Each structure stands twice: as structure tokens, then as C-alpha cells.
Amino acid sequence: MGMTSAIKLGAEDAGRYWAIRQAMLEETPWAFGSDPESDNARDHGSFAKRLGKPFSAILATADGAGELTSVAGLIRRPRRKLWHRAEIWGVYVRPECRRRGLGAVVVRAAIEEGLSWAGVDSIALSVSERSDADRLYRRLGFEAWGREPDCLRGGGVSYDEVHMILRRKGGLRSWKDEAGKV
């Protein structure tokens, strides 16, 4: 199998992204704050505009037919006090495509994109306690810094979220030091 690389989605990809987003929200409702009925990506037009904004990106992989197989979102908050940090959100790999390294491909691409933004020296994310993605994030150099109890509720069940960070500099492991270990 050849090396898969991530693509950065543009406004023209809003429909393709919507299809995988609906799958992620239906298949793993415990992992995302949105749900299919009230998700803000339902309006393709406004979501397409969002894909074109600076300091916002969705990285993805696609199969031979162009269907998205994995995704990871990235955003930089518009507040100056948070300007040093980017956040990864919405990481998902279709069930039939798991265990092929696609999660690592899109998360690495999101890290590289975020660290390419001037002034960004850390990447944050949150992961559901129920998710296996925690292992991937740790392999890529993320470290847990806290747990938010009862963060999400669905179907009468409560789920904690684990907050993680990766820093380019400082006391935590460097992204570049960890990149080759996955």
C-alpha cells in the first residue's frame, strides 16, 4: 500500500464533508458535541464559507472514488490571548478504513498546518474517554492535562472528555521528536 497523504478541503468540498460528518455523528455520537439533527454543517452554503476562512482547516483523506475516508478539523480562535494555540476537532475515520493509519495521516497534517501559522506553538484537542484515539494522540506527542467529567450526555449515558496538548517548545515532548515514532 502506498503512502496516503492528506488534502486540505476547500469550499467546493462542503458536500463531501457533510456526508462523512453525518456518518461520524450517527456512528459515534458519544465522541462529538453535535448531533445530526442540529449540526451547524447542515447548511452547505454557510459551511462552505467557513472552509475558506483563514486559520481554519479541515484535512482529509479520500478513496479512489473521491469519498472522504478520514477527517480532522483545525481552528485558531480569534482572541489574541489564545492566538498561540490551535485546536484540533472532529477527528474521524470511517469504520471500514480504520487500522490503516489514516487517523495519523490527518492528525499529523492538522498539526503541521497549525504549527505553520505564525505564532502558534501548541495544539490542543479533547477526546472522549470512550475513544481509542487517545493512544494515537499520545503516540503523536500529546499529553493529557485534565479530564472534564460529564462533558457529553447521550442516550442516558454521561461521558468524560480528556483534554490534551502538544507543544512545539517547553516541557512537553516536541512534535518533531515524536513524528517518526508512529
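The residues lining the largest cavity of this predicted model divide into 5 nonpolar, 1 polar and 1 charged. The lining is formed by Phe47, Arg50, Leu51, Ser56, Ala57, Ile58 and Trp89. Two or more of these residues come from each of α2 and β2 (56–62). The volume of the largest cavity is about 30 Å³, and the count of cavities of 30 Å³ or more comes to 1.

The loop between α1 (14–27) and α2 (44–51) contains Thr28. With a relative accessible area of 6%, Thr28 falls under the 20% cut-off and is therefore classed as buried. A polar atom of the Thr28 side chain lies 2.8 Å from the backbone oxygen of Met24. Once neighbours within four places in sequence are set aside, Thr28 is in contact with Tyr92 and Arg98.

At the level of the whole chain, 5 helices and 7 strands are present. Their order along the sequence follows the pattern β-α-α-β-β-β-α-β-α-β-β-α. Of the 182 residues in the chain, 46% are buried. Among contacts between residues at least 6 apart in sequence, 60% join residues at least 24 apart.

How values were computed:
Residues numbered from 1 in each chain as written. Predicted model: local features only at pLDDT ≥ 70, side-chain atom pairs only at ≥ 80, totals over all residues. Heavy atoms only, no water. Helix = DSSP H or I, 4+ residues; strand = E, 2+ residues; numbered from the N terminus. Buried < 20%, exposed > 50% of the residue type's maximum accessible area, 1.4 Å probe, protein only. Polar contact = N/O pair within 3.5 Å; in protein donor to acceptor, adjacent residues only side chain to side chain. Contact = heavy atoms within 4.5 Å. 1 Å grid on protein atoms, 1.4 Å probe; cavity = no way out; pocket = protein on both sides within 12 Å on 5 of 7 lines; lining within 4 Å. Points joined across faces, edges and corners; volume = space filled by probe spheres on them. Nonpolar A, V, L, I, M, F, W, Y, C, P; charged D, E, K, R; others polar.
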